[in-house]
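Here are a few exercises to work through with the model open in your viewer. Try each one before reading its solution.

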Amino acid sequence: LAALSQVLRLERSRRTGIVFPLQKLERYLAPGTDTARFRLFQPGLAALQRAEALFRSDRGHPIDYVSSAVRMDHAPPPALPEVCFIGRSNVGKSSLIRALFSLAPEVEVRVSKTPGHTKKMNFFKVGKFFTLVDMPGYGYRAPQDFVEMVEAYLQERHNLKRTFLLVDGVVGLQKTDNIAVEMLEEFGIPYVMVLTKIDRASRGVLLKNVLEIQEFVKENTQGCFPQLFLVSSVEFSGVHLLRCFVAHVTGNLPAVEAS
């Protein structure tokens, strides 16, 4: 289901669950629950297709791993709009990036079963349109210079358009995630929370974590986009919507049609 054309062949309910997994949870909420934050970003089919084209490589639109860096003076020039993905070790960050780039199979995104495998900032260039950065995981087995590396990146990378903070959908927000939130808030960095591994969480656990995180965002943040994004790198749930949001925040999808 990596390609939208495959998803569109599914029956309507399953199709909605793949493209808009957050909306699929609405039917299980108590009557009267405010779901406005479930639908803030709701692109139409044309926008989803345009975004997918950005993530599909061809001869005239190469998607390449550019370089890795442990210090900012090793990072490639900030020539393009940029997004970065951060999260706890073993949150599924590299797996999600590999799912986003699944239509460009020549792009090598290393995924390890060992937490803390990513030790450097890895830069991927998406044609002439934007750069995506895979950041080292924090928490367990994080690089010793993680804080210095990430703080320097967030403060100095002026072409950074959005930071994607990944949270494990099974366990929800952890103390280390709160530290990351505090850092992003302190620096005034616009960010969005992405709940990963939703295929591993029961419906009850997922609902609980979604509602708790949305309440946390409402009460404790200023720079976080109010809508939570849900993804499964295994089933491709939410991947198409996330591609579209990346295209939007990097200025490559100026008009987002609501369906």
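Helices (H or I, at least four residues) and strands (E, at least two) are DSSP runs, numbered from the N terminus. We're looking at a predicted model, where local features need pLDDT of at least 70, side-chain atom pairs count only at pLDDT 80 or more, and totals for chains, interfaces and linings use all residues. Residues are numbered from 1 along each chain as its sequence is written, and side-chain values use heavy atoms, with hydrogens and water left out.

**Exercise 1.** Find where Asn-90 sits, and work out what its phi value is near.

Solution. Start with the place: Asn-90 is in the loop that runs between S2 and helix H5 (93–100). Next, the backbone: its phi is near 70°, which is positive although the residue isn't glycine. As background, most residues other than glycine have a negative phi. Finally, the cover: buried means under 20% relative accessible area, exposed over 50%, and partly exposed in between (1.4 Å probe, protein chains only). Asn-90 has 46% relative accessibility, so it counts as partly exposed.

**Exercise 2.** Now do Lys-197: is it buried or exposed?

Solution. First locate Lys-197 in the loop between strand S6 (191–196) and H8. Its phi is near 55°, again a positive value in a non-glycine residue. With a relative accessible area of 14%, Lys-197 is buried.

**Exercise 3.** Classify the ring pair Phe-85 and Phe-164: stacked or edge-to-face?

Solution. Recall the rule: rings of Phe, Tyr and Trp (its six-membered ring) pair if their centres lie within 6.5 Å; planes under 30 degrees apart are stacked, over 60 edge-to-face, and the rest tilted. The structure has 11 aromatic pairs. In this one the centres are 4.8 Å apart and the planes at 10°, so Phe-85 and Phe-164 are stacked. Now trace the chain: Phe-85 belongs to strand S2 (residues 82–87) and Phe-164 to strand S5 (residues 160–168), 79 residues apart, so the pair links distant parts of the chain.
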